[in-house]
Amino acid sequence: MKIIRSLESIQNEFQLGSSLTLGNFDGIHVGHQTLLLRTVEKAKELGIPSVVVTYYPNPAVVLGKKPNFKYLSSEKEKEELIRGFGIDYLIVLDFTISLSKMSAEEFLEKIMIQTLHAKHIVIGYNHFFGAERRGDFTLLDLHKSNYGYAVELREAVLKKDSKISSSLIRGFLDKGEMEEAKILLGRNYHISGTVMEGAKRGRTIGFPTANLQVPSDKLLPSVGVYACFVTFDGKDHKGMVNIGFNPTFDGLGLHVEVNIFDFDGNLYGKEIELEMVKKIREEQKFDGIDALKNQLNKDKDTSLSILALR
């Protein structure tokens, strides 16, 4: 998959046309996946490249609607997930105030037609483009004869009578309901970060932890203890992670600390990935170190039981 971040760098890649879809695609949930699969299917059928057009930063951030917006997937995660669907080109538009003022008709003509030579467009039921969010299926359908493309609308995908959406997934994560989020994502929720030096208290009680620095714009599940898989250096491990404030100790600042079972190496500076499986319990303050150790042993046993079934 080729990633293009500047439309000016496009040469002759799309002279034969393209099958494209567009959207924010935060999280690449099951609904998004239907768009990607259909786009690739039509590209193969027509013998043209498959293209995804997306935006960064999220428009809600640039327009001031959600200044503290947290992403379900980082740009790197989103790229890798999209790559997995066999997309040929990922176009990442730099979302600016200037782009937000471009009319839907101009967006269609200059970007989708003149630059990407769209022959088939797949659009989700809840995606809008162009100034005042006027670009949608209706507008695309109105202009299809003028530009010679076909357009199709993909309706919402339902799970348990609810429309799959990024906001619904956020709601589950806010409650620590990882299994519900997994149904909508089609996979476990992932968190990546760099291991930083911490207070090193865990090793003194037999539970050394890797203190993870997660990008500030990544959405974290609710405070608590979770069973998880841990990946680094190309290898998978089992573990448990605490997202919280360490109330038994200083209670200051939000921490993401993972105890990797049967591992005691140096991970400082390494990038590691957590696959969040299930919330075990809420974070709590203990009367002393012994009470904390007893609970951590129980948490480890619970985590191993959970992870053995995955």
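Both Phe14 and Tyr89 are buried, where buried means under 20% relative accessible area, exposed means over 50%, and partly exposed covers what is in between, with a 1.4 Å probe and protein chains only. These two residues belong to a predicted model, in which local features need pLDDT of at least 70 and side-chain atom pairs count only at pLDDT 80 or more, while totals for chains, interfaces and linings use all residues. Residues are numbered from 1 along each chain as its sequence is written, and side-chain values use heavy atoms, with hydrogens and water left out.

A search of the whole structure finds seven aromatic pairs, counted when rings of Phe, Tyr and Trp (its six-membered ring) have centres within 6.5 Å, with planes under 30 degrees apart called stacked, over 60 edge-to-face and the rest tilted. The pair of Phe14 and Tyr89 is edge-to-face because the ring centres lie 4.8 Å apart and the planes stand at 65 degrees. This pair links distant parts of the chain, since Phe14 is in the loop between β1 and β2 (18-22) and Tyr89 is in strand β4, 75 residues apart. Tyr147 and Tyr149 form a stacked pair, with 6.5 Å from centre to centre and 10 degrees between the planes. Of these two tyrosines, Tyr147 is partly exposed at a relative accessible area of 28%, whereas Tyr149 counts as buried at 5%. Ring pairs also link Tyr56, Phe69 and Tyr71 into a cluster.

The protein chain has nine helices and 14 strands, which are DSSP runs numbered from the N terminus (helices are H or I with at least four residues, strands E with at least two). The C-alpha atoms fill a box of roughly 75 × 40 × 35 Å along the principal axes, and buried residues make up 48% of the 310 residues in the protein chain. Among contacts (heavy atoms within 4.5 Å) between residues at least 6 apart in sequence, 73% join residues at least 24 apart.

Helix α3 (residues 75-83) has as its buried residues Glu75, Glu77, Lys78, Glu79 and Ile82. What covers these buried residues includes β1 (2-4), α1 (30-46), β3 (50-56), β4 (89-94) and β9 (189-196).

Two polar residues show how individual side chains are placed. Ser18 is in strand β2 and counts as buried, with a relative accessibility of 0%. A polar atom of the side chain of Ser18 lies 2.7 Å from the backbone oxygen of Leu116; a polar contact is a pair of N or O atoms within 3.5 Å, where, within protein, one must be able to donate a hydrogen and the other to accept it, and residues adjacent in sequence count only if both atoms are side-chain atoms. Leaving aside neighbours within four places in sequence, Ser18 is in contact with Ile48, Pro49, Val51, Leu116, His117, Ala118, Lys119 and His120.

Asn58 lies in the loop between β3 and α2 (59-62) and is buried, with a relative accessible area of 9%. The side chain of Asn58 reaches the backbone nitrogen of Ala60 at 2.9 Å.
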